[in-house]
Amino acid sequence: MPDTLAIKRISATPSALIPLESLRSGGPVYSKLVDISKCIGCKGCEVACKEWNDLKVEQTANFGSMQSHKDLSSNTWLLMRFNEVEVGDDLQWLIKKDACLHCEEPGCLFACPAPGAIVQYQNGIVDFNQDQCIGCQNCVSGCPFDIPRFDKSTKTVAKCNMCIDRVEVGLEPACVKTCPTNAIQWGIKEDMLALAEKKVETMKRRGYEHAALYNPGGVGGTHMMYVVPHGDRLEDYSLPAHPVASPAPLHGLSVLRRVGSYLLGFGVVSALAHFLAVGPESPEDEAWEPKP
Amino acid sequence: MAISRRTFLKASVAGGVVVSALGFDLKPAYAAVRQLKIRNAREYKTVCPYCAVGCGTIAYVHGSGGLNTTKTIIHVEGDPDNPINGGTLCPKGASQMGLAISPRLRKSPMYRGAGASEWREVDWDFAMDWFARKFKASRDATFVEQDSQGRTVNRCNGIAWVGSATVANEDAYLITKTMRAMGLTYIDHQARI
């Protein structure tokens with residue numbers, strides 16, 4: 001297994017059970033940086049995503065918006081949401097690139113009860129493995145960003161995998177590569193944070209006093225970060241202001257496993273002690289008599 | 001058959017040994033990352049056919065090109081080495097593979113006659129004949145030999161020709177030459193509209 005796929009966490013699996021060789025640290029930690037002020041809404045990223053991941057085409061209909069699909073689906077992992085919002089006297093498009101944010105503390109992974117169905121890699125990517133998915137949809141309710149979508153035909157859940165097959169060999173994700181206005185950038189997370197800082201400064205100088213970086217701490221930071229010109233209106237971008245994910249279920253499971261193994265050991269030891277102290281049970285000891 | 005406690009225990013132990021020997025593994029299964037789909041494809045550098053920007057693209061092709069094979073495009077993406085687009089593509093360019101392999105691509109002209117409600121497929125001979133007839137009729141009807149001040153102009157005002165961004169230099173040259181010969185003055189190009 002190459003270093004680019006070193007594992008960080010596996011769903012429903014205490015870290016003690018993950019073999020050491022796959023937990024090697026090191027290798028770059030990546031992040032996307034989406035500068036919403038640069039997005040022209042061309043939806044090239046949507047097309048590139050569908051094309052690279054061989055996702056099925058879905059019939060769309062005009063519903064009074066420039067948005068292509070109404071919602072994400074198991075076959076639409078990336079959707080540009082065209083939020084029409086009045087800012088001051090202006091009607092503006094507060095566009096959001098709606099796709100998995102690849103949290104550092106992924107709520108989906110913590111909620112998942114199927115071992116191996118969700119894997120978080122050291123490089124920041126959170127990937128779903130449909131072969132191990134049991135279709136319980138706990139990840140859907142566990143995600144603070146409402147990203148995973150259930151596929152009724154395959155009974156599994158799917159979402160953006162940050163083109164992990166490309167990242168593994170050193171390529172950028174398809175949406176990043178195709179973006180004609182550099183609105184989506186790709187690099188190691190430190191570089192992206194520095195770039196975001198510069199972008200926010202520039203925006204503030206140009207009069208967007210609430211410009212901000214969206215990299216929420218409630219989920220430990222994300223590996224798709226946004227620079228938003230109107231940082232005081234996150235809800236209008238359909239970005240949750242305070243998303244939270246807790247690793248408690250995974251820790252709970254780990255504790256439960258330990259308690260379970262202690263109980264099992266205790267049972268075996270007591271049985272042995274009983275055998276040594278009292279000896280094997282003989283039929284004569286038995287008080288009951290079978291009914292005729 | 002009655003099973004004594006001793007036999008049951010023996011069978012359990014034997015069963016356990018067999019199961020572990022067969023490699024029953026409690027290690028979690030890892031996510032299987034899809035292999036890079038272009039890993040064995042041949043790369044052909046080419047140019048996006050759609051608009052006048054002329055973005056550089058790479059077509060990924062399967063098939064050795066041997067005598068008994070046909071090649072097929074499996075993926076197209078921007079060419080990062082191209083100074084025009086640096087690997088980026090617009091949504092139309094990003095889906096350009098469809099122009100080559102889409103099953104919905106029309107391969108013959110479609111014709112809907114006057115009063116008809118349905119389109120039907122026609123062959124090229126029919127289409128060229130029809131086109132030539134209509135072209136001549138329009139040209140004859142609207143040809144201007146002299147303008148209002150008596151100057152010879154020999155132009156055809158009734159027809160405009162819209163070229164295409166997908167034509168190559170040579171095609172564009174031929175289109176311009178032919179249409180000028182016919183007397184057309186309204187000659188334009190899709191990418192300017």
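## Sheet in chain A

In chain A, 3 strands make an open, antiparallel sheet, ordered S1-S5-S6. Strands here are DSSP runs of E with at least two residues; helices are runs of H or I with at least four residues; both are numbered from the N terminus. Two strands pair if DSSP finds at least two bridges between them. The edges are strand S1 (7–10) and strand S6 (126–128) of chain A, each of which pairs on one side only. On average, neighbouring strands of this sheet are turned by 25° against each other, direction ignored. Axes are lines fitted to C-alpha atoms, with angles from 0 to 180 degrees between N-to-C directions.

S1(A) pairs with strand S5 (residues 118–121) of chain A over 3 bridges, in the antiparallel sense. A:Ile7 has A:Tyr121 in S5(A) as its bridge partner.

## Model and numbering

This is a predicted model: local features need pLDDT of at least 70, side-chain atom pairs count only at pLDDT 80 or more, and totals for chains, interfaces and linings use all residues. Residues are numbered from 1 along each chain as its sequence is written, while chains are lettered from A and ligands numbered from 1 in the order in which they are written.

## Chain A overall

Chain A has 7 helices and 11 strands. Its radius of gyration is 25 Å, whereas a compact globule of 292 residues would have one near 19 Å. That radius is taken over C-alpha atoms, and the globule rule is 2.2 Å times the number of residues to the power 0.38. Along the principal axes, the C-alpha atoms of chain A fill a box of roughly 95 × 45 × 35 Å.

Of the 292 residues of chain A, 43% are buried (20 or more other C-beta atoms within 10 Å of the residue's own, with C-beta atoms placed from the backbone). Among contacts in chain A between residues at least 6 apart in sequence, 63% join residues at least 24 apart. A contact means C-beta atoms, placed from the backbone, within 7 Å.

## Where chains A and B meet

Chain A puts 28 residues into the contact, and chain B puts in 20 residues. On the side of chain A that touches chain B, the elements giving two or more residues are helix H1 (44–52), helix H4 (164–168) and helix H5 (174–178) of chain A. H1(A) gives the most, with 5 residues. By class, this side of chain A has 13 nonpolar, 6 polar and 9 charged residues. Nonpolar covers Ala, Val, Leu, Ile, Met, Phe, Trp, Tyr, Cys and Pro; charged covers Asp, Glu, Lys and Arg; the others, Gly among them, are polar.

## Domains of chain B

Chain B splits into domain 1 (42–100) and domain 2 (118–192). The bounds come from an automatic or database domain assignment. The C-alpha centres of these domains of chain B lie 32 Å apart.

How values were computed:
Buried ≥ 20, exposed ≤ 12 C-beta atoms within 10 Å, placed from the backbone. Contact = placed C-beta atoms within 7 Å.
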